[in-house]
Amino acid sequence: MLKKFFVVLSSLLVSLTVFAQSEDNNRSLLITKLENVYQHLAPKDSSKVAVTLRLADLYAERARNDSMNELNQGCTTCKAGEADRKKALRLYTEVLERAPEAVQGKVMVQVGHLYQLTGDEGKAVSFYQKILNEGGSSELKAEAQLSLAEIYFKRREFAKAQGFYQDVLKNASANSRGLAAYRSAWCAFNLGDIASSIKQMETILRTPALLTRNGSNQAQIDPQFQEEVSRDYATFIAKNSTISSNDIESLFKLSPENVRVQNVKSLALDAERIGKKADALKVWTFVFGYMSKPEDRLAAQISMAQLHFDTNNKKAGAESFESAMQLWKELKSCQSNQCDELRRRSRQFVVSWHQLEKKAPTAELLAAYQVYINNFPEDMDMNLYAANVAKELKNWDVAWTYYNKTREMQLKDKDPKTADKLETTLVALLDLAEDSKNEKYETQAYDMYLEQSPKKTKSFEVQYQKAHGMYEKGQYGPASEALRTLALDKKGDAKIRKQAADLSLDALVLMKDETNISTWAAEYAQALSGAGDTKEFTQMVQKAVLTKSATAAGKDTLAAYNELNQFNPSQATPEDKMKFYKNKLILAEKLNKFSEAQGAADSLLQQPGLSEEDREFAWSRKAYMAEMTLDFTTALTATEKLQKGLKPDEKMLKLAMFAELSGQKSASYYGQYLQASKDEENKKLVAAELVRKSKAPEKEIELYRPILGKSPQLMAQLYTEVFAKSSSDAILKKVTKDASMKTTDSGKLLTRVAFLKDFAGFKKQLTDHKLDTKNDRKLAATMKARVALLEKLEGFAKQAIDAGDWTSQLVSVDLLAKESERFYSELLSAPVPQGLSDEEQQQYMQLLSAQATPFQAKSVEAKAKVEEFWKNSKWQPALKASWEQADLRSVIVTEVNALREIAPQEHQNTLADLVVTKKDTTVASQRPSLQEIQKARSLVNKNPFDKQALQALLDLEKKSENTAMTQYLQTRIENLAKSSEKGVL
């Protein structure tokens with residue numbers, strides 16, 4: 001029975017094999033029959049494994065076919081074959097362990113695929129990994145590795161996926177090495193290793209065996225796969241940090257010939273898209289020479305133009321754009337599908353350029369518009385944009401041409417919406433005509449607007465402008481009539497009617513038509529009563545006075561001033577009042593009517609709503625006129641009010657000057673000047689002035705040391721002046737210890753004084769010293785003391801010589817000569833010690849003479865040196881010049897007295913004359929009286945530019961010893977002389 005069953009089973013399997021090769025619809029029948037056999041086989045039946053595996057294969061195959069058919073039908077939620085896959089998976093796993101060893105690996109791979117397809121990737125991974133762990137053929141391992149790589153690639157676990165793809169590539173038996181290499185490159189790319197991804201793509205493209213998804217050595221190159229790889233190669237290169245010339249060349253050479261140009265173009269576009277402007281430009285430059293289609297070359301030129309522009313090379317961008325437009329012209333008629341896009345890009349290039357230069361368009365932008373319009377003259381908007389640019393550049397003729405072309409196109413356009421655009425263009429022509437000051441354009445623009453405007457919104461204004469033009473040309477008669485017509489037109493704009501009325505009255509004023517002024521003003525008061533206060537027309541009369549005065553001011557200042565006096569402030573607007581006072585101030589000042597000008601300035605400052613600029617102007621003129629009339633208190637107050645007219649340091653200096661001249665404290669202004677000024681020289685002078693005015697000058701010097709310290713000469717001079725008043729030893733010590741001050745003239749003077757003071761004390765000690773001859777011991781001791789004093793004297797002399805000071809050297813050398821001689825004489829006249837024999841006395845005298853002789857030699861040498869000093873003819877004028885500095889005589893007298901003590905008789909009179917104090921012979925009656933000074937000031941007040949009056953006042957101020965006023969007047973007279981030389985007052 002069992003044998004019969006196997007015979008039947010074998011026949012059935014043969015039948016099933018035949019059916020498996022038939023049509024798909026027979027597959028289901030086979031599955032049904034084989035399912036029946038499967039159900040009747042015992043679990044441990046040896047043939048059940050083969051039946052089960054075959055049945056599983058059929059389920060898997062049917063699932064695959066059903067899925068493919070569903071996909072071909074465009075499914076969105078694709079579920080076909082799910083049930084069959086699950087059945088196949090169940091059957092495979094049921095007999096997997098019992099399957100023959102030869103097929104077990106393939107079954108495991110199939111099970112892994114089914115787990116993937118049924119969504120259980122975890123089990124799929126386990127099965128594939130099991131294949132790798134248990135060994136097997138290299139083909140099966142490659143299949144498992146590729147499957148695992150695909151799973152991880154899908155999960156975006158690119159590092160894991162890349163490892164398995166690399167294992168596939170290492171497996172010589174693998175049949176999908178091309179796909180593995182391709183996917184591995186993508187893994188590197190997605191992991192950010194762009195350089196590696198590029199290198200792997202290059203390897204694929206250079207290796208024919210990898211240019212098919214199967215990737216075996218026997219496989220033929222798959223052109224479609226090759227193209228896909230080359231396209232992705234371009235994508236990878238685009239993502240590299242930089243795109244080198246070698247990269248571009250490599251892409252071109254490794255791409256299939258039919259897509260070479262397209263791939264390089266794609267690289268350029270990708271680089272452009274991700275913002276690599278310079279690299280994109282490099283790629284376009286390379287591929288441009290290989291493009292055969294004119295449209296492609298045109299597109300490349302447009303891209304290069306934009307890229308040049310984006311990389312701040314406007315010149316090259318403009319050249320590329322011009323080349324593109326020239327190429328377009330050569331095409332004559334572009335027929336390809338991309339032509340509309342190319343035209344749009346060309347237009348967008350110029351418009352984008354315009355947007356970047358919206359605030360300050362350039363001539364190059366206008367040239368780009370012109371190049372574009374030469375190809376597309378009917379582009380209405382671009383003509384308008386070009387006109388706007390030309391207008392901004394004040395290229396009036398070009399702007400007029402393009403506005404006119406726009407206007408002509410808009411007139412022909414029947415679209416109702418164009419009416420608004422036409423109105424805008426006509427208004428632009430009006431603005432251009434006004435800005436260009438071109439009478440021809442103005443006339444045409446006015447006429448075109450009045451004839452062609454669809455809305456007439458500005459007709460009344462244009463008529464006013466035409467009338468205003470006549471007024472500007474001096475055609476006051478017809479202008480006034482035209483303006484009057486507009487003013488009385490109740491349909492017109494109220495504001496313009498008022499302007500027309502105002503200007504018509506101005507015209508009458510200029511024509512001196514007093515009768516019509518009052519008549520027309522009354523008419524306007526009635527006709528415009530609903531438009532505002534009728535006082536305005538009396539105010540217009542005042543405005544006409546201002547206009548007439550302003551017109552006359554250019555020719556005759558006095559006539560303009562007299563005309564301005566016809567103005568009635570009570571009938572004027574606040575604005576005209578301010579204008580009146582301002583104009584009166586200016587004219588009165590020009591006419592030297594300072595009193596009237598001051599009054600006008602005061603009135604101007606009282607006006608409500610006065611602008612900061614006018615307020616500044618009024619205060620500045622008030623300050624100037626107050627100064628000119630010697631009213632320094634007012635000048636000080638007015639200058640303090642100024643905010644912008646003067647730099648901070650200049651302002652503080654003026655305030656300090658006015659404060660001094662008006663008898664007020666100036667120190668705070670000088671202090672503020674020092675903080676504000678950057679003029680180091682002036683700052684030193686001002687700081688010195690503050691020191692001299694201070695009651696505590698030593699402290700003041702220390703306060704301003706950061707400024708004064710930059711000039712050791714000035715510092716030393718100031719200390720000398722302070723020492724002249726205080727005789728402070730602390731000052732002597734401070735100056736003589738400062739190396740920078742010590743070498744200055746004043747420093748040398750104080751160093752000399754310090755030397756002489758020290759020397760005077762020492763001199764008394766030396767000259768008072770006597771040899772004690774009471775006994776030998778005392779004589780020896782006093783001789784030793786005398787020698788020590790003379791050595792110290794030599795030290796003084798050396799110090800004086802090192803300093804190079806004439807006086808110090810003279811007094812020290814003179815004393816050395818005298819004291820050396822005295823010592824010599826005293827030594828020779830000293831008594832001989834008692835108890836010596838004649839021979840011993842002789843020896844003693846010889847010894848004493850030997851000791852005394854060097855002092856005699858020193859004395860002789862020093863006397864000769866003293867005579868040389870006195871023979872130097874330069875000392876007298878130098879000393880007299882120093883004595884002339886009255887403030888320093890108390891310092892110099894120390895030196896003079898020291899010289900008088902040692903001077904020869906022939907020089908005594910000269911030195912005596914220096915120290916005689918001359919009595920001030922000026923008597924009180926010779927000083928100018930206050931009345932005399934006031935009278936002289938009054939004359940200057942009346943005529944501030946009278947040089948004689950200024951000089952007379954200067955002479956009086958000098959006599960009254962008014963130092964500040966004297967210095968001020970001297971400077972003013974000097975400036976007046978300079979202005980006279982230039983012909984300016």
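A: A residue counts as buried under 20% relative accessible area, as exposed over 50%, and as partly exposed in between (1.4 Å probe, protein chains only). S176 is buried by this rule, because its relative accessible area is 18%. The model is predicted, so local features need pLDDT of at least 70 and side-chain atom pairs count only at pLDDT 80 or more, while totals for chains, interfaces and linings use all residues. Residues are numbered from 1 along each chain as its sequence is written, and side-chain values use heavy atoms, with hydrogens and water left out.

S176 sits in the loop between α8 (158–170) and α9 (177–190). Helices here are DSSP runs of H or I with at least four residues, strands are runs of E with at least two, and both are numbered from the N terminus. Apart from neighbours within four places in sequence, S176 is in contact (heavy atoms within 4.5 Å) with L146, V168, R213 and N214.

Q220 is another loop residue, placed between α10 (194–206) and α11 (223–239). Whereas S176 is buried, Q220 is exposed, with a relative accessible area of 67%. When neighbours within four places in sequence are set aside, Q220 is in contact with L211 and T212.

Most residues other than glycine have a negative phi. K394 is not a glycine, yet its phi is positive, about 60°. K394 belongs to the loop between α19 and α20 (396–412), and with a relative accessible area of 58% it is exposed. K456 also has a positive phi of about 60° and is not a glycine. K456 is found between α22 (439–452) and α23 (459–472); its relative accessible area of 36% makes it partly exposed.

Two packed helices are described by the angle between their axes and the distance between the axes. The axes are lines fitted to C-alpha atoms over the stretch in contact, and angles between N-to-C directions run from 0 to 180 degrees. For α18 (residues 363–375) and α19 (residues 380–392), the axes come within 9 Å and cross at roughly 155°. The two helices are therefore roughly antiparallel, a label for angles over 145 degrees; under 35 is roughly parallel, 65 to 115 roughly perpendicular, and the rest oblique. Their crossing is left-handed, which means that the near helix is turned anticlockwise from the far one by less than a right angle; clockwise would be right-handed. On the α18 side the residues that meet α19 are L365, L366, Y369, Y372 and I373, and their partners in α19 are M382, N383, Y385, A386, V389 and A390.

Other helix pairs can be described in the same terms. α29 (residues 574–590) packs on α30 (residues 594–605) at about 155°, with the axes 8 Å apart. This makes the pair roughly antiparallel. The residues in contact are M578, Y581, K582, K584, L585, A588 and E589 from α29, together with F594, E596, A597, A600, A601, S603 and L604 from α30. The crossing of α29 and α30 is left-handed. Between α38 (residues 712–726) and α39 (residues 729–736) the angle is about 155° and the axes are 9 Å apart, so this pair is roughly antiparallel too. The crossing is again left-handed. Y719, V722, F723 and S726 of α38 meet I731, L732, K734 and V735 of α39.

The expected span of a helix is 1.5 Å times one less than its number of residues. For the 12 residues of α24 (residues 476–487) that gives 16 Å, and the end C-alpha atoms are 16 Å apart, which agrees. A479, S480, L483, L486 and A487 are buried in α24. Seen down the helix axis, these buried residues fall within an arc of 120°, so they line one face of α24; the arc is taken from the directions from the axis to the C-beta atoms. α33 (residues 648–661) has 14 residues and reaches 20 Å, close to the 20 Å expected. The buried residues of α33 include M652, L655, A656 and F658. After α33 comes G663, with a positive phi near 80°.

For the protein chain, the count is 50 helices and 0 strands. Of its 985 residues, 44% are buried.
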